[in-house]
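Thanks for coming. Please look at the structure on the screen while I go through a few parts of it.

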Amino acid sequence: MDDIKLAKVENVRMIDRYNTKNPTVGTLYLTATHLIFVEPDSNKETWILHMHIASIEKLPLSTTGSPLLIRCKTFLSVTFVIPKDSECHDVYTSLIKLFQPVSINKLYCFNYQPAKDDYPKNAGWDFFKLEAEFKHMLVPNDNWTLCSMNEKYELCDTYPRQIYVPKEATTLMLISSSRFRSKGRLPALTYLHNNKASICRCSQPLSGFSARCLEDEQMLEAIRKTNPNTDYMFVVDTRPRINAMANRAAGKGYENEAFYENIKFHFLGIENIHVQRASLQKVLEACEQKSPTMSAFLNALESSGWLKHIRSILDTSSFIANAVDKGVSVVVHCSDGWDRTAQVCSLAQLMLNPYYRTIKGFQALIEKDWLAFGHKFSERCGHIQTDAREVSPIFTQFLDCTWQLMSQRSESFEFNERFLLILHDHVHSCQFGTFVGNCEKDRLDLKLAERTFSLWGYMANHLNEYINPLYKPNIDESIKANLAPQCIKFWRGMYSRFESGIHPREPLGDLLLDSKEHCNSLEDHVQHLTKRIASFKNYISKSAKKLQDATTTTTTKASKETTTNEINDNKYNYDKKLSELSAADDDHPLKASNMSFANLSLNAEQASTQTLTEEISSVALDWKSMRNVTTCSCSTPFDQFSKKTHCWRCGEIFCERCIDKNVALPGHDSGKPVPVCRGCHRQMQKQSP
């Protein structure tokens, strides 16, 4: 590739801030997609995807070489000391061109090909349809209808083609309301609760100090009338009041309660994208302190304001969820309705509806409230070279808030922490086309469904890794966040996950999930063996009855034939008759080709030995303990963020690269594909006819 000036550098030192005195020495490789550091002594590899790089800094020369500091969007921070300054400069200039392309068409997803053909390119793109999600909420109905005016994105180009509005809303109301709202983002339904209370979302009105729009006022009144529970509704502006006042001076602003009847207006004070970006930067500085003390870390975390922002988002979401739960509809907006609005609308639904706390439901929630309603993923995540002021950790905060809820109510969520981390990393990786672009129209224009793979298709092949072993479905209809300051926690698993030496060897969730999977495997095997034993019993009783009938018949015939035949060979008669019976009996499980009374049990055993052996040996009864396994059989060392996976056939532990096959085991009754290692997969292919 033209951008790569130097593909390989020897004797590079990788500095770990917890072990600065003994840096690791290895080889640095630069490929078209990754930066790879290989430690020859331990055989450990550190892979850094170019798209994950947030910043590259060439530090001043030291006595040992030229340091290159790389910070990643996954919160990995690593320093490579390259012996020659010229080599360091070549690596630096190559990475500058590679980590943030100028054109969206240069993103990784347009060249990515899976190492194995586990799923087709179209897998996952049709998992979620907006119409199906609203049908799940029983929409359209008597109060809400599908508006076809945005079919070609003429009403609002950052909204989905299908938007749902009150049945009372006229064409004039929709067009006028769209023109009166910033970026044309008129009020539209995003969630309808089972008590008819709704959540609608929009952007700020272009009201300035005195402007008004009668049709927009009528639109909000039409939304209020869709809910017969109350005679008022809430309008929630998620911004601090001072920010909204500043926007009024620019001709924008917020709803005037004097013009909008039957509404109760609330400011709920979530800071803007610039404050959130600066706050995260301070969190990372707190995590990267050279020799952190308890007080220094806690003071730095406090001054970052990060946990205060997380609490503020949860507080606003709780206000919306509580209102809807009590039967009051809510209209939500921020400035343009694609950042704070997306956060709080989706979190409120997460609190209200247990469906969104399942793996499929959470993905559907992201598809609806983030992708379809136009969160600017490419700009907020800095996928391509853009205005740095547009980058902000809005989606990261949404995942953080979800994790806070999971920490408080773990039994209410089907998914685990790993699920959230995978989502976070792939939103930034651009390996899949799912999160590329800023709205639905962008994704259609780029033909992403035809040109790229879907993250949902990939995740469908790894669902067993994302299960929360403590999940209890249907335990609660709605959940509430505990907003006490001591209950809002720092998410070490996200922001400090690459720090070595301070983590337990295996997360408790992984150990629980592993135990649950082992139990599932054994129960599935027992189910299969129970059915096999039942079929044996059935066959033996059938065979015994047929043998008895055959013996009686043959004895009768033999006595008749004594008068005419000089030779009476009972064994011959038995064999002949049983052979006929065997040929006629097609339903028994162990049919032998040369059955006779004398060798019945022997032939049955021989016919079934191979099948039985395959079935019994295909399921590992004992699984190796995770505790003492430090390396995979391929010599890849396990660290605190690598997943250890058991092969369900042999019970050994492997890394993710060595256990990339899912197949159904003959000894399992369910026939469900389960993870097996490459060696077992090869053996099974040889055994199968």
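Of the 689 residues in the protein chain, 52% are buried. This is a predicted model, so please keep that in mind throughout. The chain's secondary structure amounts to 21 helices and 18 strands. Now take the contacts between residues at least 6 apart in sequence: 68% of them join residues at least 24 apart.

Let me begin with a helix. The buried residues of α3, which covers residues 171–180, are M173, L174, S176, S177, S178 and F180. What do they pack against? Their partners are the strands β8 (144–147) and β9 (163–166) and the helix α4 (214–225).

One of these residues is worth a stop. S177 is in helix α3. Is S177 buried or exposed? Its relative accessibility is 0%, and buried means under 20%, so S177 counts as buried. Leaving out residues up to four places away in sequence, S177 touches L186, P187, D216 and M219. S177 and L220 are 43 residues apart along the chain, and their C-alpha atoms are separated by 9.5 Å.

K183 is not a glycine, but its phi is positive, near 60°.

F75 is another residue of that kind. Phi of F75 is positive, about 75°, although F75 is not a glycine. Where is F75? It sits in the loop between β6 (66–72) and β7 (77–82). F75 has a relative accessible area of 11%, which puts it under the 20% limit, so it is buried.

While we are on the backbone, there is a cis peptide bond between V139 and P140, with omega about 5°. P140 belongs to the loop between α2 and β8.

Next, helix α7, residues 294–304. Which of its residues are buried? They are A300, L301 and S304. Looking down the axis of α7, these buried residues fall within an arc of 100°, so they line one face of the helix. As background, an α-helix has 3.6 residues a turn, so residues three or four places apart point the same way. The face of α7 turned away from the buried side carries the exposed residues M294, N299, E302 and S303. On the buried side, the residues of α7 pack against α6 (273–287) and α8 (306–325). Just after α7, G305 has a positive phi of about 75°.

Now a position that comes with a record. UniProt, in an unreviewed entry, annotates C334 as "active site", and such an annotation may be inferred rather than shown by experiment. In the model, C334 is in the loop between β14 (330–333) and α9 (340–352). How accessible is C334? Its relative accessible area is 2%, under the 20% limit, so C334 is buried. Not counting residues up to four places away in sequence, C334 touches C202, Q204, D237, T238, R239, D339, R340 and T341.

For contrast, here is a residue on the other side of the cut-offs. R389 has a relative accessible area of 55%, and exposed means over 50%, so R389 is exposed. R389 is placed in the loop between α11 (377–380) and α12 (394–408). What does R389 touch, apart from residues up to four places away in sequence? It touches I273, H274 and R277. R389 and E379 are ten residues apart in sequence, with 9.2 Å between their C-alpha atoms.

How much space lies in the second largest pocket? About 630 Å³. Its lining has 23 residues, and the closest to its centre are W125, F128, E367, E440 and L444. Several helices take part: α2 (130–136), α10 (359–372), α14 (440–445) and α15 (448–451) each supply at least two residues of the lining. Which helix gives the largest share? That is α10, with five residues. By residue type, the lining of this pocket divides into ten nonpolar, four polar and nine charged.

That is the end of my part.

Definitions and conventions. Residues are numbered from 1 along each chain as its sequence is written. This is a predicted model: local features need pLDDT of at least 70, side-chain atom pairs count only at pLDDT 80 or more; totals for chains, interfaces and linings use all residues. Side-chain values use heavy atoms; hydrogens and water are left out. Helices (H or I, at least four residues) and strands (E, at least two) are DSSP runs, numbered from the N terminus. Buried means under 20% relative accessible area, exposed over 50%, partly exposed in between (1.4 Å probe, protein chains only). Contact means heavy atoms within 4.5 Å. The arc is that of the directions from the helix axis to the C-beta atoms. On a 1 Å grid over the protein atoms alone, a cavity is a set of points where a 1.4 Å probe fits but cannot get out, and a pocket is an open set with protein on both sides within 12 Å along at least five of seven lines; lining residues have an atom within 4 Å of a point. Grid points are joined across faces, edges and corners, and a volume is the space filled by probe spheres set on the points. Ala, Val, Leu, Ile, Met, Phe, Trp, Tyr, Cys and Pro count as nonpolar, Asp, Glu, Lys and Arg as charged, and the others, Gly among them, as polar.
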